[in-house]
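The paragraphs below are meant to be read with the model open beside them.

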Amino acid sequence: MTSERAEWGRHQVDSEMYEDGNALAGPLGEIFTMDVTVAVSRCAGCGLAGPVARLHVYRHAPGWVARCPACEGVVLRLVRGPDSAWLDLTGAVSLRLPMPTL
Amino acid sequence: MGIVSPGFRGRPRESGPELPPGQYLTRDFPVLSAGPTPRVPLDQWEFTITTETGQAHRWSWADLMALPGDTPTVDIHCVTKWSKLGTNWQGVPLDMLMADVTTDADYALVQSYGGYTTNLPLQDLRDGQAWIAYRFEGEDLAPEHGGPARLLVPHLYFWKSAKWVRGIQLMLEDEPGFWESAGYHNYGDPWREQRYQGD
């Protein structure tokens with residue numbers, strides 16, 4: 001993944017094909033009971049932490065690909081098949097989720 | 001609305017026996033992309049085939065252009081269900097690039113500028129089945145469609161035809177690529193509708 005992230009930086013790039021992470025509200029809402037777009041993700045590539053809603057989401061693809069707005073590394077991928085969903089979070093060190101006070 | 005965009009250019013218009021199961025015909029050329037479009041200057045472009053022993057065979061853009069190109073006319077089938085028939089390409093056959101490559105590998109991992117990867121059996125890159133394509137319908141291949149050069153392996157779903165191709169790693173063991181590691185089928189034969197793992 002490290003070389004991939006370096007690659008994204010070296011050959012930048014223009015693209016208007018992404019949306020912000022709010023686009024994930026629908027597909028992630030199929031999986032999670034809470035709104036994950038308000039969670040704070042930490043990028044495994046560059047360490048940037050920020051709301052999932054700020055990720056760059058590429059949806060004109062065979063799945064949803066959410067990238068770090070700083071390094072363009074893949075933070076989250078989601079593929080929805082007819083009877084399964086695949087969620088890949090290897091590009092996220094963590095997700096900080098707002099929870100009710102104990 | 002489903003998660004996977006069905007080509008995002010409107011409703012299915014046609015289907016027929018010339019199309020694999022579940023596909024519809026489109027006459028435009030939808031742009032699908034999992035990330036930003038890399039812009040690779042031709043004087044920095046390089047294509048490398050690396051064997052399982054680490055031996056690298058490299059071609060510059062000038063090297064590629066010096067090779068005789070094929071002009072295949074092929075049908076292409078995207079896993080998001082659009083198909084496009086009779087598309088005209090120009091490119092160098094993989095057979096030509098593999099001619100001097102000695103390998104015992106059975107598998108290939110195709111690597112792109114920008115980090116995308118896809119895997120397939122090496123035999124699917126041989127015998128006139130695959131090209132490094134650099135022109136489409138008489139024009140230089142546009143960056144949004146994978147230019148300056150992309151892999152063209154039209155007998156498999158089009159995600160295997162990696163845009164912005166940079167190299168091919170030959171391997172003794174299979175290794176899943178970008179979509180193959182996220183639910184998509186390892187092989188991706190459109191005529192057997194191998195879209196997802198388990199299909």
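Predicted model: local features only at pLDDT ≥ 70, side-chain atom pairs only at ≥ 80, totals over all residues.

Asp127(B), found in the loop between strand S7 (117–121) and strand S8 (131–136) of chain B, has a positive phi of about 60 degrees although it is not a glycine. Glu137(B), which belongs to the loop between S8 and S9 of chain B, likewise has a positive phi, near 50 degrees, without being a glycine. As background to these backbone values, most residues other than glycine have a negative phi, and most peptide bonds are trans.

How accessible are these residues, Asp127(B) and Glu137(B)? Asp127(B) has a relative accessibility of 66%, and because a value over 50% is the criterion for exposed, it counts as exposed. Glu137(B), with a relative accessible area of 38%, is partly exposed.

Over all chains the structure holds 19 aromatic pairs. One of them is formed by Trp45(B) and Phe47(B), whose rings are stacked, at 6.4 Å centre to centre and with 15 degrees between the planes. Trp45(B) and Phe47(B) are both buried. Trp45(B) also meets Trp61(B), and here the ring centres are 5.0 Å apart while the planes stand at 90 degrees, so this pair is edge-to-face. The pair of tryptophans links distant parts of the chain, since Trp45(B) sits in the loop between strand S1 (24–25) and strand S2 (46–50) of chain B, whereas Trp61(B) is in helix H1 (residues 61–66) of chain B, 16 residues apart. Trp45(B) has a relative accessible area of 3% and is buried, and Trp61(B), at 15% relative accessibility, counts as buried as well.

Other aromatic residues draw the two chains into view together. Trp86(A), Tyr116(B), Tyr157(B), Trp159(B), Phe178(B), Trp179(B), Tyr184(B) and Tyr196(B) form one aromatic cluster. Phe178(B), a member of this cluster, has Arg77(A) over the face of its ring, at 4.6 Å from the ring centre. Within chain B, the charged end of Arg166(B) sits over the ring of Tyr113(B), 5.9 Å from the centre of that ring.

Val79(A) stands opposite Trp86(A) in S7(A), and the strands concerned, S6 (residues 74–80) and S7 (residues 85–88) of chain A, pair in the antiparallel sense over four bridges. S6(A) and S7(A) form a hairpin, with four residues between them.

Taken as a whole, chain A has two helices and eight strands, which follow the pattern α-β-α-β-β-β-β-β-β-β along the sequence. Of the 102 residues in chain A, 44% are buried. The chain exposes about 5,200 Å², and carbon and sulfur atoms supply 54% of that area. Among the contacts in chain A with a separation of 6 or more, 51% are between residues 24 or more positions apart.

An open sheet of three strands in chain A has the order S3-S2-S8, with antiparallel pairing. Its edge strands, each pairing on one side only, are strand S3 (49–51) and strand S8 (92–96) of chain A, and neighbouring strands of the sheet are turned by 25 degrees against each other on average, direction ignored. Strand S2 (residues 40–43) of chain A is joined to S8(A) by four bridges, the two running antiparallel, and Ser41(A) stands opposite Leu95(A) in S8(A).

Between S2 and S3 of chain A runs a loop that holds Cys46(A). Which residues does Cys46(A) contact when its neighbours within four places in sequence are left aside? They are Cys68(A), Ala70(A) and Cys71(A). At 41% relative accessibility, Cys46(A) counts as partly exposed.

Note on methods
Residues numbered from 1 in each chain as written. Chains lettered and ligands numbered in written order. Heavy atoms only, no water. Buried < 20%, exposed > 50% of the residue type's maximum accessible area, 1.4 Å probe, protein only. Contact = heavy atoms within 4.5 Å. Areas by Shrake-Rupley, 256 points an atom, 1.4 Å probe, with all protein chains shown as cover. Phe/Tyr/Trp six-rings, centres within 6.5 Å; stacked < 30°, edge-to-face > 60°. Lys NZ or Arg CZ within 6 Å of the ring centre and 35° of its normal. Pairing = 2+ DSSP bridges. Axes fitted to C-alpha atoms, helices over the stretch in contact; angles between N-to-C directions.
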